Amino acid sequence: MSRFFSDKYETLVPYTPGEQPKILNLTKLNTNECPFPPSRKALAFAAEHTRPLNLYSDIEGQDVRAALAELCGIGPENLLLGNGSDEILNFAFMAFCDEKKPAAFPDISYGFYPVFADLNRIPYTQIPLRPDFSIAPEDYFDLRRTIFIANPNAPTGLALTREQVREILERNRDSVVVIDEAYVDFGGESCIPLIGAYDNLLVVQTFSKSRSMAGARLGFAAGNAALIADLNTIKFSTNPYNVNSMTQALGLGVLLDEETTRANCRTIMENRARTVEALRALGFTVLPSAANFIFAKSDRISGAEVYRRLRERAVLIRHFDKERIRDYNRITIGTREQMDILLKNIREILEELP
Ligand code: PMP
């Protein structure tokens, strides 16, 4: 820390992203990226339609918003684009939380929520997941706080139904409820259809997982036009040109090739089912996942040891050294070949055990 760093950040502990190491022939299953690149059709569209880069990007992201509006069955005024969904989540903490309206989120969830809260000096409560790692809707009733729920949750992969989210919305009519649907396309139920009925609902999604664009950085929020206007106030007070022209063109290209997105999601879900079955046969406990990752623990070897031994073999998964989930690892679902490499290495590791 330099001697110039503001005291207000003295205790801030930044988010720890999954590693991006330069290991040769790495099987990378640690950051829930999509194993498939954007389709040729999407890339060709982006190459042709990127606005001249000497000009600023479209500040409103009109074309992407129009395409998304059509896909989601809502109006463009219900949508805001972000530089990844992380940016939008930060905007939501800035816009809808303060001392009088603290935040609440599950104790085991996306690790960025407490960081955004701390960064913006927002008090927060962490609500324990139930012993089976589920989120119980009634734990979120009448909280008088701005609620953040990842659905499906990370790193567990467990999902609430739309009806369960609706119960939470009903019982928090005077608080914003942010549903972070980063992983919804892998078997979850989106709450976007509820935004017309609930002016307190903000749904956040990303192009990083199901739409192969983690490196291009594109996310969006869907909600009541007044909530979107608030987020725009924050955006225009921080970084108005937050989504660059190359990303906007690629985002539009990807949306015009929705078939590929659907097919990729189906493949990931098939690979997930195969992997879960194989791991369970090897004695692993695997939570039922609605995401592009699974959360699994072995009955014979600790979570940290599985992580370490796989890493030695150039297979990277994610381990969280945190109470309650220390025994588990989060494993991204990749291609069939990647999952076969993972399973082969896990079998060998188990065979080496005394
Ligand atoms: N929400 C959740 C639950 C996530 O796991 C992630 C990815 N780390 C994000 C949001 C942010 O994704 P991005 O900024 O790439 O859109």
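User: Which residue just after α4 takes a positive phi?

Analyst: R121 does, with phi of about 55°. Keep in mind that this is a predicted model.

User: Why is the pair of F93 and F148 called stacked?

Analyst: Take the two values in turn. The ring centres are 3.8 Å apart, and a pair needs centres within 6.5 Å. The planes are 5° apart, and stacked means under 30 degrees. Therefore F93 and F148 are a stacked aromatic pair.

User: What makes you say that this pair links distant parts of the chain?

Analyst: F93 sits in helix α3 (residues 85–96). F148 sits in strand β5 (residues 146–150). They are 55 residues apart.

User: Are F93 and F148 buried or exposed?

Analyst: F93 is at 0% relative accessibility, so it counts as buried. F148 is at 1%, so it counts as buried too.

User: Why is the pair of Y110 and Y113 called edge-to-face?

Analyst: The angle decides. The planes of Y110 and Y113 are 85° apart, and edge-to-face means over 60. The centres lie 5.6 Å apart, against a limit of 6.5 Å. So the rings pair, and they pair edge-to-face.

User: How many aromatic pairs does a search of the whole structure find?

Analyst: It finds 19. Ring pairs also link a set of residues into a cluster: Y15, F93, F105, Y110, F112, Y113, F116, Y124 and F148.

User: What makes R211 a charge over a ring?

Analyst: The charged end of R211 sits over the ring of F207, 5.2 Å from its centre. The distance limit is 6 Å. R330 does likewise over the ring of F293, at 5.8 Å from its centre.

User: Why is N153 called buried?

Analyst: Its relative accessible area is 1%. The cut-off is under 20%, so N153 is buried. N153 is found in the loop between β5 and α5 (162–170).

User: How do you know that the side chain of N153 makes a polar contact with S109?

Analyst: The distance to the side chain of S109 is 2.8 Å. The limit for such a contact is 3.5 Å. The side chain of N153 also reaches the backbone oxygen of I108 at 3.0 Å. Beyond its sequence neighbours within four places, N153 is in contact with I108, S109, Y110, L129, I135, L158 and F293.

User: What about P155: buried or exposed?

Analyst: Buried, because its relative accessible area is 5%. P155 is in the loop between β5 and α5. Leaving aside neighbours within four places in sequence, its contacts include I108, S109, F293 and R330.

User: Why is L282 called partly exposed?

Analyst: Its relative accessible area is 22%. Buried means under 20% and exposed means over 50%. The value falls in between, so L282 is partly exposed. L282 lies in the loop between α8 (258–281) and β9 (284–286). Among its contacts, apart from neighbours within four places in sequence, are D299 and I346.

User: Which residues surround the ligand?

Analyst: G84, S85, D86, L89, Y110, D180, A182, Y183, T206, S208, K209 and R217 do.

User: Where are polar atoms of Y183 and R217 relative to the ligand?

Analyst: A polar side-chain atom of Y183 lies 2.6 Å from an oxygen atom of the ligand. For R217, a polar side-chain atom lies 2.7 Å from a ligand oxygen. A polar backbone atom of S85 is also 2.7 Å from a ligand oxygen.

User: How much of the ligand's accessible area does the protein cover?

Analyst: It covers 92% of the 410 Å² that the ligand has on its own.

Definitions and conventions: Residues are numbered from 1 along each chain as its sequence is written. This is a predicted model: local features need pLDDT of at least 70, side-chain atom pairs count only at pLDDT 80 or more; totals for chains, interfaces and linings use all residues. Side-chain values use heavy atoms; hydrogens and water are left out. Rings of Phe, Tyr and Trp (its six-membered ring) pair if their centres lie within 6.5 Å; planes under 30 degrees apart count as stacked, over 60 as edge-to-face and the rest as tilted. Helices (H or I, at least four residues) and strands (E, at least two) are DSSP runs, numbered from the N terminus. Buried means under 20% relative accessible area, exposed over 50%, partly exposed in between (1.4 Å probe, protein chains only). A charge sits over a ring if NZ of Lys or CZ of Arg is within 6 Å of the ring centre and within 35 degrees of the ring normal. A polar contact is a pair of N or O atoms within 3.5 Å; within protein, one must be able to donate a hydrogen and the other to accept it, and residues adjacent in sequence count only if both atoms are side-chain atoms. Contact means heavy atoms within 4.5 Å. A residue is near a molecule or strand if one of its heavy atoms lies within 4 Å of it. Accessible areas come from the Shrake-Rupley method with a 1.4 Å probe; for residues, only the protein chains shown count as cover.
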